[in-house]
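I opened this entry to note what I looked up around the charged surface and the aromatic rings. The coordinates come first, and my notes follow.

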Amino acid sequence: MQSYKKTITVKQDDLDELDHVNNVRYVQWMQDISKEHWMNAASEEMRSGIIWVVMTHHITYKNAAVLNDVIEMRTYIKESRGAVCVRIVEMHNKKTKELLLKSSTEWCLLNAETYRPTRISDEIKEFFTTA
């Protein structure tokens, strides 16, 4: 699978009242890395006339991240069918290598004008599932 990686450092604004990264922040980071992967990897022509929307998130939290932790994130497409793809995001503590979370998100491809689901093209499938 073609994957995309990003490293971030936990800041004070990322924390909740327990001084751990807030779960809402993790969801934001999942969406951010997913969008960055799409925008950086897909050509303008490939992106033309279509948009992605989230259908479901499934998140398994394994360990907490705290202030100044460096998090390594990785995302890739696990599978595609019809108008839906399943994107995986994993986050690890860079220092300890501990898995912080693993998520599986179903994204639906829409026509940008009608907002109706549209089949994921073979070009997109092949591009994102090739190493």
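I began with helix α3, residues 122–128, in this predicted model, and noted that this helix supplies the largest share of the negative patch, namely three residues. The patch itself, as I listed it, is formed by Glu45, Asp122, Glu123 and Glu126, and I checked that Glu123 lies in helix α3.

I then moved to the segment after α3, where I found Thr129. Thr129 counts as partly exposed because its relative accessibility is 36%, which falls between the limits of 20% and 50%.

Next I turned to the rings, and I counted five aromatic pairs in the structure. One of them joins Trp38 and Trp52, edge-to-face, at 5.7 Å centre to centre with 85 degrees between the planes. This pair links distant parts of the chain, since Trp38 sits in helix α1 (residues 23–41) and Trp52 in strand β2 (residues 50–61), 14 residues apart. I recorded Trp38 as buried because its relative accessible area is 9%, under the 20% limit.

Phe127 and Phe128 form another edge-to-face pair, for which I noted 5.1 Å centre to centre and 75 degrees between the planes.

Technical notes: Residues numbered from 1 in each chain as written. Predicted model: local features only at pLDDT ≥ 70, side-chain atom pairs only at ≥ 80, totals over all residues. Heavy atoms only, no water. Patch = residues over 30% accessible without salt bridge, like charges linked within 9 Å, V, L, I, M, F, W, Y side chains within 5 Å. Areas by Shrake-Rupley, 256 points an atom, 1.4 Å probe, with all protein chains shown as cover. Salt bridge = Lys/Arg side-chain N within 4 Å of Asp/Glu carboxyl O. Lys, Arg positive; Asp, Glu negative; His and termini not counted. Charge placed at Lys NZ, Arg CZ, Asp CG, Glu CD. Helix = DSSP H or I, 4+ residues; strand = E, 2+ residues; numbered from the N terminus. Buried < 20%, exposed > 50% of the residue type's maximum accessible area, 1.4 Å probe, protein only. Phe/Tyr/Trp six-rings, centres within 6.5 Å; stacked < 30°, edge-to-face > 60°.
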